[in-house]
Amino acid sequence: DEQPAKKPDAKSDSASIEYVPLDAPEGMSQAVIVPDVPLVYTRQLFPLDKAGKLIGEGSVDKQIEQTLDNLEAVLKDAGSGPDKLIRLNVYALAPATVTRVRELLAKRLPPSVRPAITSVETPLAHRGAMVALDAVAAGSDDDKEVVRKRCEAVAGEQNVADVAVLPRGDIAYISGQAAEAGLTESATNVSMSVLMRTLGHLKISPAQIVQVKVFLRPMTSAEAVQQEVQKFFPDQTAPPMVFVEWLAPVPVEIELVCQLSASDEAKEPLEFYTPPEFRPSNTFSRVALLRTDPQIFISGQYASKPSRGQPQADLVFGQLQKILDETGSDMRHLVKATYYVADHDAARWVDRTRPKIFDPNRPPAASKLTVHAVGMEGRTMTIDMIAIKADQ
C-alpha cells in the first residue's frame, strides 16, 4: 500500500489545508501544512456509546468504528468534521490495530484528506477498550477566546470538555513537566502547579489551555489524575485530556497546548522560553511560542526497516530531515517534538542524536517518553514534530 513520492501540492477544500503524502501509506500523510485557522483539539475518545457502555467487546473493527463515530460527533459539535482532520493520535494494545484504524478511517474520508498520524501502544483507561483516539482538526468558528465544549452525543464527564477550539493567532506549546512526588495524584498536583507558574510568567490564564496531555503510571490512576487536574479549573469546564501510560521512575509528566495572548511588541515568529526556575537545555526548550503560520504537523516517523541503536536513530531522523526539506522547513524551525521510545537503547540514541542535529540555542519544546511499544513491529522509536517554514 505504499504510494509514490509526491510534491506537497495536494490540497483539501477545507481551509486550504495542504496534505503532503510523500511515501506514507494510503490514508495518511507524512506532513500536513496548516494555515492560520482555528484549531479543534479533542480529548481522548473511546469505543463507548452515549450511555458509557463499551461497544464491540473483543472486536477491534467494531471498537474502531465506534471510536470514529465519537470523533465525528465531537468534531461536528465544534463546527469541524473528519474532512478537516490535521493530526490523529492512535492509542492501541497492538500494532495491527493501528493499521486497521488507518484503513477504516480512509474509507470515511475523501481521498484528498490524509491526516498526519502518530501511534503508541499503551494500556487504556477503559476496561475492555482496545483503541482510543484524539485529534486536531481545522475549525470554522472565529471566536477570539478559547471555547471548550461538552458534546452530549458522547459519554463523558460533565465538567471536562470533549473539544476545545483554539482561535486563530499565537500558540504556546509547553513541554512535559515531570513531578517526583510519590503518589500519582500528589505528583499531578505538583506538575500542574509548576505548569501554572510557567503560564503566569507568560501571562496565560488557565482559560487559555486547549489540551492537557498526561503521561502517567499506572493507567489505573487516570480517573484520579483527571479529578486532580480538574481542581485547577474550579470555575470552568476543564480542557480536553489525554492519558498515556509511560514507564518512568516518576509517576506523572504533563504537557499543555495554550492560546498565547497577542502582544503589541515586535516578537520573533518562533521564540523559545525558559522559566526562571529552570536551567536552559541544549536538547529541548521548556516553552515554544509560535507567532506565525503555517504550521507543519509531521506524522510519527519510524525506521524504514527493523533496527536498533544508531542505525534506527539515523533512519528516523533522516526521514524527518527529508520531510522538512520537502515542506520548506529545517531543524532550526522545529516547534514541538514528541519522542516515544520503548527501551533504554532507543532513549539513549534519541539523546545522542539531538545535540548533533539541533541548534543548541533553539531546540524544540518536547516530551520524551518511555512507553510499552511504539505501534510498529521491529521498532522501538517514533518521533513526531510540529515545524514552521524556514523562511519565517
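Predicted model: local features only at pLDDT ≥ 70, side-chain atom pairs only at ≥ 80, totals over all residues.
Student: What holds the strands of a sheet to each other?

Tutor: Backbone hydrogen bonds pair them, either parallel or antiparallel. Here six strands make an open sheet, in the order 6-5-7-4-9-8, with mixed pairing. Strand 6 (116–121) and strand 8 (147–149) are the edges, since each pairs on one side only. From one strand to the next, the twist averages 15°.

Student: In which sense do strand 4 and strand 9 pair?

Tutor: Antiparallel, over four bridges. Look at Tyr 41: its bridge partner in strand 9 is Ala 164.

Student: Which strands does helix 1 lie across?

Tutor: Strands 4, 5, 7, 8 and 9. Helix 1 runs at about 30° to strand 7. Helix 2 (residues 95–108) also packs on the sheet, touching strands 5, 6 and 7. Its direction makes about 150° with that of strand 5.

Student: Where is Arg 43 placed?

Tutor: In the loop between strand 4 (39–42) and helix 1 (60–77).

Student: Is Arg 43 buried or exposed?

Tutor: Buried means under 20% relative accessible area. Arg 43 has 13% relative accessibility, so it counts as buried.

Student: What does the side chain of Arg 43 reach?

Tutor: The backbone oxygen of Ala 155, at 2.6 Å. Arg 43 also touches other residues, among them Asp 134, Asp 162 and Met 241.

Notes. Residues numbered from 1 in each chain as written. Heavy atoms only, no water. Helix = DSSP H or I, 4+ residues; strand = E, 2+ residues; numbered from the N terminus. Buried < 20%, exposed > 50% of the residue type's maximum accessible area, 1.4 Å probe, protein only. Polar contact = N/O pair within 3.5 Å; in protein donor to acceptor, adjacent residues only side chain to side chain. Contact = heavy atoms within 4.5 Å. Pairing = 2+ DSSP bridges. Axes fitted to C-alpha atoms, helices over the stretch in contact; angles between N-to-C directions. Lists of a residue's contacts leave out its neighbours within four places in sequence.
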